[in-house]
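User: Could you take a close look at the surroundings of the ligand for me, and then walk me through the strands and loops elsewhere?

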Amino acid sequence: MMWWVGVVLVGCGVFLCVIAFVFRYIVMVKKRRLYVPSGTVRYTDLHRPAEPLFSRRYLLTGKPDFVVEMDEGVVPVEYKSGWYVTPPENHVLQVAAYCLLVEDVQQVHVPFGWLVYPSGRFRVWFDAALRVRLASVMGEMRMVLQGKRRVVVDHGDVKRCRHCSFRGVCSVRLG
Ligand code: SF4
């Protein structure tokens with residue numbers, strides 16, 4: 001009697017899968033066409049899924065889009081969507097975390113990382129000031145994970161919370 005409901009649901013499911021696949025493919029193609037610094041690619045997660053880098057020393061893990069060996073040193077490259085005049089702090093800290101990760105895992109000199117947007121790219125110097133900021137944020141995150149501190153939300157961005165890797169442990173997530 002209601003067989004058509006099942007057919008419609010299956011149809012919707014297939015349609016959503018196709019949309020998701022097409023969207024993922026477009027993002028992948030766009031990323032491949034974006035800027036990659038000239039040098040030797042030491043790691044990439046773009047063309048096929050790669051194992052995450054893991055630092056035992058810092059208990060840090062992540063998958064930069066690229067790690068490229070250039071004349072200046074080894075640099076992580078991260079692609080982001082959006083248009084920015086200056087990159088937001090959370091993007092800068094993500095690249096800083098990749099710099100630390102690559103430095104420790106590959107035992108190389110990492111002078112900076114690249115943040116690449118459709119609107120342009122930014123060089124993020126991995127200097128002493130950024131190292132201190134990163135260490136402070138990582139310390140706070142560990143306290144949140146251990147339940148010793150509550151998250152203080154300094155934004156009203158539901159989308160950001162939806163994509164946040166701390167969503168599972170964050171008691172104040174939005175959306
Ligand atoms: S889920 Fe929590 S930690 Fe993540 S962005 Fe939202 S408020 Fe911040």
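Analyst: Happy to! A residue counts as near a molecule or strand if its C-beta atom, placed from the backbone, lies within 6 Å of it. This is a predicted model, where local features need pLDDT of at least 70, side-chain atom pairs count only at pLDDT 80 or more, and totals for chains, interfaces and linings use all residues. Residues are numbered from 1 along each chain as its sequence is written.

Around the ligand you will find Val-151, Val-153, Arg-160, Cys-161, Cys-164, Phe-166, Arg-167, Cys-170, Val-172, Arg-173 and Leu-174. Sorted by class, this shell holds eight nonpolar (Ala, Val, Leu, Ile, Met, Phe, Trp, Tyr, Cys and Pro), three charged (Asp, Glu, Lys and Arg) and no polar residues (the others, Gly among them).

Now to the strands, which are DSSP runs of E with at least two residues, numbered from the N terminus; two of them pair if DSSP finds at least two bridges between them. Strand 4 (residues 66-69) pairs with strand 1 (residues 40-44) in the antiparallel sense over four bridges, and Val-68 is the bridge partner of Val-41 there. Strand 4 also pairs with strand 5 (residues 74-79), again antiparallel and over four bridges, with Phe-66 opposite Val-77. Strands 4 and 5 form a hairpin with four residues between them, and Gly-73 in the turn has a positive phi of about 145°.

As for the loops, Leu-59 sits between strand 2 (53-55) and strand 3 (60-62). Its phi is positive, near 50°, in a residue other than glycine. Leu-59 is exposed (12 or fewer other C-beta atoms, placed from the backbone, within 10 Å of its own), with 9 such atoms.

Definitions and conventions: Buried ≥ 20, exposed ≤ 12 C-beta atoms within 10 Å, placed from the backbone.
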